Amino acid sequence: MGLLSDPNRRRALISLLVRLNTPISVVCYLAGVAWFMGLAFEPFTLRTYMSENAMGSTMVEERFPAGERALATGREFSAQKKRLGGMPVNWLVKTMQDRGLEVFTQRFSRTLPFPDENKERYMVKGTNVYGILRAPRAPRTEALVLSAPCSPGDQNNQAVGLLLGLAQYFRNQIFWAKDIIFLVNEHDLIGMQAWLEGYHHTNTTGMDWSPLQGRGGSIQAALSLELSSDVITSLDLVLEGLNGQLPNLDLANLFHAFCQKIGILCTIQGKLQRNDWDSVSGYSHSIQTLMMMVMKQASGRAWGDHGLFLRYHIEAATIRGVNSFRQYKTDATTTGRLLEGMYRKLNNLLERLHQSYFFYLLPSLSHFVSIGYYMPAFGLLTVILLLRALDLWVQLSAPVVRTEDGVADAEQSAPRQASSPGILSVLTPLVISHLTGAALYALPTRFQEMAVEHFPVSETEAVVLTAIAVYTAGLALPHNTHRLLAGEGTEQGWKVLKLVAVLYLAVLLGCTALINFSLGFILALTLVPAAVLVTPHRPKALTAFILVVLSPACTLLFSVFLFQELQEMPVTFQEGWLLYLSVISQGILDHFLYGSLVFPLIALLVYPCWLLFWNILFWK
């Protein structure tokens with residue numbers, strides 16, 4: 001306290017920070033990157049443990065016997081689906097009714113803002129079928145959900161068969177204290193979104209759906225099942241949901257505990273856990289798993305049907321069966337017993353899952369990194385922005401040099417007064433940069449028809465190319481915008497603008513990291529160096545090249561190639577470019593269909609902030 005309250009010591013501290021600003025910034029950046037890379041080293045992580053007392057033991061006896069019968073039901077479902085060319089609604093309704101469930105259907109339709117070329121759909125119509133097993137030992141105020149998407153072709157037929165087999169088996173048990181809802185949704189996430197909106201009486205995406213005729217209690221947890229083979233070698237747990245949300249860690253711990261008990265190989269990000277953490281290959285395996293989770297979380301996409309449950313504060317995950325070339329095989333009966341054990345433990349819950357972590361990263365299923373461990377890596381990056389803001393503030397508040405008589409030198413004070421920046425010289429770039437961001441957000445979907453009429457492209461290509469065109473045009477539009485109303489720029493003018501931009505970026509990254517750490521950290525890795533380096537006095541061509549490389553668009557391009565490398569599926573530049581265009585179109589679609597916030601965040605906030613630094617570079 002004495003250091004800050006004493007004016008002389010405070011001035012000495014500020015002088016020291018300003019003098020050592022660049023070395024401290026370099027050390028903080030390297031320390032932040034090193035801290036993040038160290039998160040995958042097992043001695044620096046925590047072992048997972050069950051926090052919820054009601055699920056603290058796996059001492060239940062799983063007796064599900066009907067795996068082969070479930071596979072036969074799945075084959076019958078596949079035959080009906082092929083015969084009708086789509087989801088066999090009537091067959092599902094009859095089959096669920098035969099198993100003693102209260103069965104209901106929901107019709108929905110959705111016209112996409114532009115065609116989804118990945119799944120070849122534009123006007124989507126479908127039907128969700130769900131059956132409710134009423135709890136015999138409770139007042140029916142709570143519910144659990146088991147869902148299986150009806151996928152095109154031969155995908156996921158076994159999951160639907162196992163769902164129906166579990167429904168029949170659960171119907172004969174008397175210990176259920178919660179309603180269990182068995183849901184088969186059509187058109188993957190679109191159908192799930194319609195069902196969740198109907199269940200909770202909300203409509204946030206403008207989708208047309210019929211009201212639900214039957215409801216259970218308040219949903220406590222949900223699992224989405226994806227199986228496309230009669231036998232599997234491992235089960236992969238998918239946790240990443242919409243806008244980077246994650247379920248309570250106890251749900252992942254429950255899955256891991258039952259996999260160990262029953263003897264099923266379990267993976268996360270498609271990677272098995274390794275025990276040789278002290279070797280280079282073991283650490284490399286852990287950091288790849290961690291980085292894949294970071295990349296998926298930063299995308300803001302829902303990586304399974306479970307991802308939409310999280311926005312309703314329902315803990316959910318997707319269990320995906322993998323059939324690889326490993327010799328170890330697991331049949332449907334064992335998988336059914338795993339699900340039976342998990343639902344019996346969830347049935348014991350007296351309250352929602354809340355005692356474990358909601359903010360975490362997983363280098364493996366047995367170890368996790370909590371928010372208290374990974375946030376310092378982000379903090380070390382953002383402190384660089386605060387140091388740069390302090391440096392600019394000291395430069396702007398430097399006193400006028402006075403003569404021995406105590407009177408300001410007229411020759412020095414007059415230029416300083418003349419160079420005082422007007423508010424318009426700072427406000428104009430801010431306004432125009434954000435108007436450019438608004439154009440990037442609004443024009444691609446509004447001008448697609450015009451682009452299709454004048455150019456030989458599809459509607460999806462028109463949306464993506466319009467977004468790229470607006471993004472590129474933004475590099476020229478705000479160029480020297482400070483001269484529009486205020487004449488020539490001043491030396492202090494760019495410093496004031498950079499001070500505002502640096503503080504703006506620090507607040508923006510901090511708020512983003514609180515919601516989605518992975519997205520905030522990736523943006524900080526590229527935008528912090530750009531914010532620190534840019535001044536009007538550096539070589540224009542080299543600095544402009546560095547700024548473009550560190551821009552949000554190039555960051556996304558590099559992320560596409562890095563993600564393919566982490567998946568061990570490297571691509572050529574041409575294939576990577578096509579993936580890049582597909583990622584852009586999917587990001588825009590996810591925003592308009594499900595409410596993903598990554599596209600508006602980049603277009604309305606991150607890109608305009610980057611344009612401010614671009615404008616500073618060309619300040620005259």
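Mentor: The questions below concern aromatic rings, charged side chains and helix packing in this predicted model.

Trainee: How are the rings of tyrosine 471 and tyrosine 607 arranged: stacked, edge-to-face or tilted?

Mentor: A pair of aromatic rings is described by the distance of the centres and the angle of the planes. A search of the whole structure finds 25 aromatic pairs. For tyrosine 471 and tyrosine 607, the centres are 4.4 Å apart and the planes lie at 25°. Planes under 30 degrees apart count as stacked, so this pair is stacked.

Trainee: How many residues apart in sequence are the parts that this pair ties together?

Mentor: Tyrosine 471 belongs to helix H15, residues 459-473. Tyrosine 607 belongs to helix H22, residues 598-617. The pair therefore ties together parts whose separation in sequence is 136 residues.

Trainee: Which charged residue sits over the ring of phenylalanine 175?

Mentor: Phe175 belongs to a cluster linked by ring pairs, together with Phe64, Tyr169, Phe170, Trp176, Phe182 and Tyr343. A charged end also sits over the ring of phenylalanine 175, 4.4 Å from its centre. That charged end belongs to arginine 344.

Trainee: Over which ring does the charged end of lysine 296 sit?

Mentor: The charged end of lysine 296 is 5.1 Å from the centre of the ring in question. A charge must be within 6 Å of the ring centre to count. The ring is that of tryptophan 303.

Trainee: Which residues does leucine 519 touch, not counting residues up to four places away in sequence?

Mentor: Leucine 519 lies in helix H18, residues 517-533. At 9% relative accessibility, this leucine counts as buried. With residues up to four places away in sequence not counted, leucine 519 touches Ala298, Thr512, Val598 and Leu601.

Trainee: How are helices H11 and H18 oriented: roughly parallel or roughly antiparallel?

Mentor: Two packed helices are described by the angle between their axes and the distance between the axes. H11, residues 371-396, packs with H18 at an angle of about 30°, and the axes are 10 Å apart. The contact includes Tyr374 and Phe378 of H11 and Phe521 and Val528 of H18. Angles under 35 degrees count as roughly parallel, so H11 and H18 are roughly parallel.

Technical notes:
Residues are numbered from 1 along each chain as its sequence is written. This is a predicted model: local features need pLDDT of at least 70, side-chain atom pairs count only at pLDDT 80 or more; totals for chains, interfaces and linings use all residues. Side-chain values use heavy atoms; hydrogens and water are left out. Rings of Phe, Tyr and Trp (its six-membered ring) pair if their centres lie within 6.5 Å; planes under 30 degrees apart count as stacked, over 60 as edge-to-face and the rest as tilted. Helices (H or I, at least four residues) and strands (E, at least two) are DSSP runs, numbered from the N terminus. A charge sits over a ring if NZ of Lys or CZ of Arg is within 6 Å of the ring centre and within 35 degrees of the ring normal. Buried means under 20% relative accessible area, exposed over 50%, partly exposed in between (1.4 Å probe, protein chains only). Contact means heavy atoms within 4.5 Å. Axes are lines fitted to C-alpha atoms, for helices over the stretch in contact, and angles run from 0 to 180 degrees between N-to-C directions. Angles under 35 degrees count as roughly parallel, over 145 as roughly antiparallel, 65 to 115 as roughly perpendicular and the rest as oblique.
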